[in-house]
Amino acid sequence: MSVLARYNATVSSDPEQQVSVTSRAAALLHRAGLRRTPVRAAVLIVLGESGQPLGVPQVLERLPHDTDAVTVYRTLNTFTQKQLVHRVHGEDRTWRYALSADATTRHEHPHFVCDACGTVECLEQSEIPKDFIRSLHVASRYSVHYPEVVLHGVCPKCHD
Ligand SMILES: [Zn+2]
Ligand SMILES: [Zn+2]
């Protein structure tokens, strides 16, 4: 059985839900011009179902046990280059990866790092102001590609 098939078997017993997540992963790979491999598809599914940024160990936890960690690292790097995912540093300085809803809006939301539990979240409801970079008055010899805003504090779960 393929990684993806085994993954599907553990993720959902509802065949219709399996079809929709796998076909979405296939569509994303196709759009990025990437060949579809079981690991690529499975990583996209894991990130899509998580809804919040995950570190490599957390991604591996959700994949079949024999999945090669190096392949997963390489896959996430490829996805980052192709803008299928965006990444943000967690409180332990390791990267967390999140599926980008739309490649053109990838960096327009800030991220939140909870200093109590270490959770990293995409704040998709919040927007980085369009004139944010200009407002920083960075010297003109620097060419700024995009801002990355990471907010630190206490998440709602730890607040209660
Ligand atoms: Zn927290
Ligand atoms: Zn995000």
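In what order do the elements of the protein chain run from the N terminus on? I read α-α-α-α-α-β-β-β-β-α-β-α. This is a predicted model, and I keep that in mind throughout. My tally for the protein chain is seven helices and five strands.

Next, burial and contacts. I get 24% of the 160 residues counting as buried. Among contacts in the chain with a separation of 6 or more, 53% come from residues 24 or more positions apart.

Then I looked for the largest nonpolar core. I find 21 residues in it, and Val43, Leu44, Val46, Leu47 and Val85 have the most contacts inside it. Two or more residues come from each of helix H2 (15-31), helix H3 (38-50), helix H5 (69-81) and strand E2 (95-99). H3 gives the most, seven residues. I also noted a second, separate core of five residues, with Val88, Phe112, Val113 and Cys114 among them.

Which residues does Val43 touch, leaving aside its neighbours within four places in sequence? I list Val59, Val72, Thr75 and Leu76.

That sent me to the H3 and H5 pair. I have their axes 10 Å apart, packed at an angle of about 70°. Angles of 65 to 115 degrees count as roughly perpendicular, so H3 is roughly perpendicular to H5. The crossing of H3 past H5 is right-handed. On the H3 side I see Val39, Arg40 and Val43, and they meet Thr71, Val72, Thr75 and Leu76 of H5. Sorted by class, I have four nonpolar, two polar and one charged residues in this contact.

Methods:
Residues are numbered from 1 along each chain as its sequence is written. Chains are lettered from A and ligands numbered from 1 in the order in which they are written. This is a predicted model: local features need pLDDT of at least 70, side-chain atom pairs count only at pLDDT 80 or more; totals for chains, interfaces and linings use all residues. A nonpolar core is a set of buried Ala, Val, Leu, Ile, Met, Phe, Trp, Tyr and Cys residues joined through C-beta atoms within 7 Å. A residue is buried if 20 or more other C-beta atoms lie within 10 Å of its own, exposed if 12 or fewer, and partly exposed in between; C-beta atoms are placed from the backbone. Helices (H or I, at least four residues) and strands (E, at least two) are DSSP runs, numbered from the N terminus. Two residues are in contact if their C-beta atoms, placed from the backbone, lie within 7 Å. Axes are lines fitted to C-alpha atoms, for helices over the stretch in contact, and angles run from 0 to 180 degrees between N-to-C directions. Angles under 35 degrees count as roughly parallel, over 145 as roughly antiparallel, 65 to 115 as roughly perpendicular and the rest as oblique. A crossing is left-handed if the near helix is turned anticlockwise from the far one by less than a right angle, and right-handed if clockwise. Ala, Val, Leu, Ile, Met, Phe, Trp, Tyr, Cys and Pro count as nonpolar, Asp, Glu, Lys and Arg as charged, and the others, Gly among them, as polar.
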